[in-house]
Structures are given as structure tokens and as C-alpha cells.
Amino acid sequence: MAVAEDLDRATDSQWDWVAEQTRAYLASGGTEGHENNGVHVLVLATTGRRTGLPRRNCLIYGRSGEDFVVVASKGGADENPAWFGNLLADPSVGVQAGTHRFTARARVASPAEREHLWTRMAQIFPLYDDYARKTDRTIPIVLLTPRSEPQA
């Protein structure tokens with residue numbers, strides 16, 4: 001079960017550029033790397049479904065009410081990203097969005113929710129539409145609902 005405190009002890013992404021971005025983001029307390037040209041990024045900590053160890057990644061996000069919205073695109077690959085499989089196995093996650101850190105519960109958007117949220121997320125990051133064209137899978141959208149008050 002990942003919680004906000006796991007963000008500091010989690011293993012970084014296998015992708016060097018994501019790992020570097022994540023470390024810089026967290027080292028700044030969320031003041032660096034959170035926003036770039038209007039695109040916002042959060043750090044997500046999940047529990048590894050095989051290892052039981054916390055894992056972390058930086059992801060572009062949007063908002064829907066109190067929920068944070070992320071896309072399991074993996075650049076349009078034919079398989080879902082590992083973090084998505086982890087949160088399906090255990091939906092408790094740690095999140096840092098800017099300077100706010102909290103524990104959340106993850107859930108996959110329903111088909112009706114997905115249609116609306118996809119449009120919104122593709123407006124934030126237009127490459128999502130390109131990614132969708134590269135694969136036959138339906139790219140999942142995940143809602144992260146805070147379970148604890150965000151802490152500055």
C-alpha cells in the first residue's frame with residue numbers, strides 16, 4: 001500500500017530521463033518541474049505488484065473536481081506502463097503535485113468518464129492523440145482521489 005511518505009524512499013523509473021526529472025522535482029520540494037509551458041506534472045508512487053516495494057514516476061496531470069487525472073499512455077506502446085499494473089493490484093498511491101503531498105486512491109475512469117477526460121487531457125498534451133493512433137489498445141485514464149489533505 002503506497003502512501004505519501006513512500007515518495008522519498010521509492011525506486012525511480014527505469015527510464016533515466018524520468019528518474020532524473022523525478023529526483024529534481026522531489027529535491028526542490030515540488031517547486032521545480034511541476035509546470036512547463038502550462039503542462040503540470042506530478043510524482044506518483046505505487047507499490048510494485050511483484051516486489052512489494054514502492055516505485056515512482058513523473059506523469060502529466062489534469063484535474064477533474066478534486067481528482068487528479070493521469071494517462072497510462074507509455075508513449076503509445078502496445079502494453080500499459082508498469083505503474084498502471086501496480087495501481088490495479090493496489091490502488092493506494094502516494095502523490096506529490098507541486099508542493100502538495102498526499103495519499104490517494106486510484107481508479108480507472110469508466111468509459112463515459114474516459115471520453116470526456118480524454119478530450120481534456122489531449123488539450124493539455126496533444127501528443128496523447130498521436131499515442132492513441134500508434135496502438136490498438138484503449139489507453140487508460142486514471143483518477144487519483146486524495147484520501148488525505150494535501151500537505152504543503
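Visitor: Which residues does Asn57 touch, not counting residues up to four places away in sequence?
Guide: Asn57 touches Ser13, Val18, Thr22, Leu42, Val43, Leu44 and Trp83, with residues up to four places away in sequence not counted; contact here means heavy atoms within 4.5 Å. This is a predicted model, in which local features need pLDDT of at least 70 and side-chain atom pairs count only at pLDDT 80 or more, while totals for chains, interfaces and linings use all residues. Residues are numbered from 1 along each chain as its sequence is written, and side-chain values use heavy atoms, with hydrogens and water left out.

Visitor: Why is Asn57 called buried?
Guide: Buried means under 20% relative accessible area, exposed means over 50%, and partly exposed lies in between, with a 1.4 Å probe and protein chains only. Asn57 has a relative accessible area of 15%, and therefore counts as buried. Asn57 is placed in strand E3, strands being DSSP runs (E) of at least two residues and helices runs (H or I) of at least four, numbered from the N terminus.

Visitor: What makes the pair of Asn57 and Ser13 a polar contact?
Guide: The term requires a pair of N or O atoms within 3.5 Å; within protein, one must be able to donate a hydrogen and the other to accept it, and residues adjacent in sequence count only if both atoms are side-chain atoms. The side chains of Asn57 and Ser13 make such a contact at 3.5 Å.

Visitor: How do you know that Thr46 is buried, and what does its side chain join?
Guide: Thr46 is called buried because its relative accessible area is 1%. Thr46 lies in strand E2, residues 39-47, and its side chain is joined to that of Asn86 by a polar contact of 3.2 Å. Among the residues that Thr46 touches are Ala2, Leu53, Trp83, Asn86 and Val93.

Visitor: Which residues of helix H2 are buried, and what covers them?
Guide: In H2, which comprises residues 82-89, the buried residues are Trp83, Phe84, Gly85, Asn86 and Leu87. Their cover includes E2, strand E3 (54-64), strand E4 (67-71), strand E5 (92-97), strand E6 (100-108) and E7.

Visitor: Why is Asp136 called exposed?
Guide: Asp136 has a relative accessible area of 82%, and so is classed as exposed. Asp136 lies in the loop between helix H4 (127-134) and strand E7 (141-146), and the C-alpha atoms of Asp136 and Ala77, 59 residues apart along the chain, are separated by 9.2 Å.

Visitor: What is said of the phi of Asn37 and of Lys74?
Guide: Asn37, which is not a glycine, has a positive phi of about 55°, and Lys74, also a residue other than glycine, has a positive phi near 50°. As background, most residues other than glycine have a negative phi. Asn37 is found in the loop between strand E1 (35-36) and E2, and counts as exposed because its relative accessibility is 74%. Lys74 is placed in the loop between E4 and H2, and is called partly exposed because its relative accessible area is 35%.

Visitor: How many helices and strands does the chain have, and in what order do they run?
Guide: The chain has four helices and seven strands, and from the N terminus on the elements run α-β-β-β-β-α-β-β-α-α-β.
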